[in-house]
Amino acid sequence: MAQTAIKATIVGAGLVGSTIAYTMVAQGVASEIVLVDVDNDRAEGEAMDIEHGSPFFKESLIHAGNYQTSADSDIVIITAGTNQRPGETRMDLIGRNAAIVTSVAKQVKQVSPKAVVLVVSNPVDVMTRVVQEVTGFPAERVIGSGTNLDSARLRYLLSKKFGIDSRNIHAYVLGEHGDSEFVAWSNVNIAGMNINEASDAFGGLMGDYDYINLANDTRNAAYEIINRKKATYYGIAASASRIAEAILRDEKSIMPLSVKLTGQYGLKDVYLSLPAVIGQHGIIKIIAPYISEEEEGKLHHSAKLLAEAYDSLHSAK
């Protein structure tokens, strides 16, 4: 999207939504950002606070609004929902958040029928599927933040292990954004080397213990943060802002995102994370990279759990 005005709406002005708004303003991702929340005073306060930093950022208008003032947004980011509490899994949120996300999706369908929708609300894979089915938007325009942050966490941990810049590490966490996610060790790439070759080259020798611990530390990172400070928001804000930037600037970047599968690895309809090329109109192509037989089994396990979780929403009615 060239030098035209870019309008973004963020639904949910809690810690996650407001931090995404701040990050997008600081990085100059959109020309206009509308914060929508059932608590309009909260949305107004967050917008005012961010706006007061505007002399230090690129020009960007941010304000609180409602669905009508958010009309014709280029991208809508949904963060609305209840927070994950200490001791809860993301799946524990499913009943509480499905009704909220459904209501939001109906409004978005009415006022921004051409928007790309980025879902951040947890459990994100199931909530993204809910949004896509409620709006009826093409699946390529309804995307979940998925394991983009999990993959960044993995790259960070590997950078500490090997003593190199995390931006030079290509590594993916795939499947559910949650407890059944897995590290695709078979396609980790560092300077053209696989994980075993990089282990030898950089002296951070990897044993079975390291593979298990790095995967566990990646998977459990959010729980560790929530146990200490009750919520996570900086990391997901950076991730969501980066996804929005890649979409709005038509970058054709590749990121691991929650997408609706169309036969990859023999799976269809379920939303889960695989690498995807994204641009102005959302998903351009879903990538199905080589993964080992064991990893493919883990992907199918994730898909089964997510399908069951989605089905549970209907059986509970």
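Predicted model: local features only at pLDDT ≥ 70, side-chain atom pairs only at ≥ 80, totals over all residues.
Tutor: The expected span of a helix is 1.5 Å times one less than its number of residues.

Student: How far does α2 reach from its first C-alpha to its last?

Tutor: Helix α2 covers residues 40-51 and has 12 residues. At 1.5 Å a residue, the expected reach is 16 Å. The model comes close to that, with a reach from first C-alpha to last of 16 Å.

Student: Why do the buried residues of α2 line one face of the helix?

Tutor: Buried here means under 20% relative accessible area, and in α2 that applies to A43, E46, A47 and I50. Seen down the axis of α2, the buried residues line one face because they fall within an arc of 100°. An α-helix has 3.6 residues a turn, so residues three or four places apart point the same way. The arc that holds the buried residues of α2 is 100°.

Student: Which exposed residues does the face turned away from the buried side of α2 carry?

Tutor: Exposed means over 50% relative accessible area. On the face of α2 turned away from its buried side, the exposed residues are D41 and D49.

Student: What do the buried residues of α2 pack against?

Tutor: A43, E46, A47 and I50 are the buried residues in question. One of their packing partners is a helix, α1, which spans residues 15-27.

Student: Which residue in β2 is the bridge partner of T9?

Tutor: Strand β1 (residues 7-11) pairs with β2 in the parallel sense over five bridges. These two strands and α1 also make a right-handed β-α-β unit. In β2, T9 has as its bridge partner V34.

Student: And in β4, which residue is the bridge partner of T9?

Tutor: β1 and β4 run parallel and are joined by four bridges. The bridge partner of T9 in β4 is V76.

Student: Are the residues I75, V76, I77 and I78 of β4 buried or exposed?

Tutor: One side of β4 carries I75 and I77, the other V76 and I78. Four bridges also join β4 to β5, parallel to it, and I77 has L118 as its partner there. Both faces of β4 are covered, and the state of these four residues is buried.

Conventions: Residues numbered from 1 in each chain as written. Heavy atoms only, no water. Pairing = 2+ DSSP bridges. Right-handed = clockwise from strand over helix to strand, strands pointing away. Buried < 20%, exposed > 50% of the residue type's maximum accessible area, 1.4 Å probe, protein only. Arc of directions from axis to C-beta. Contact = heavy atoms within 4.5 Å.
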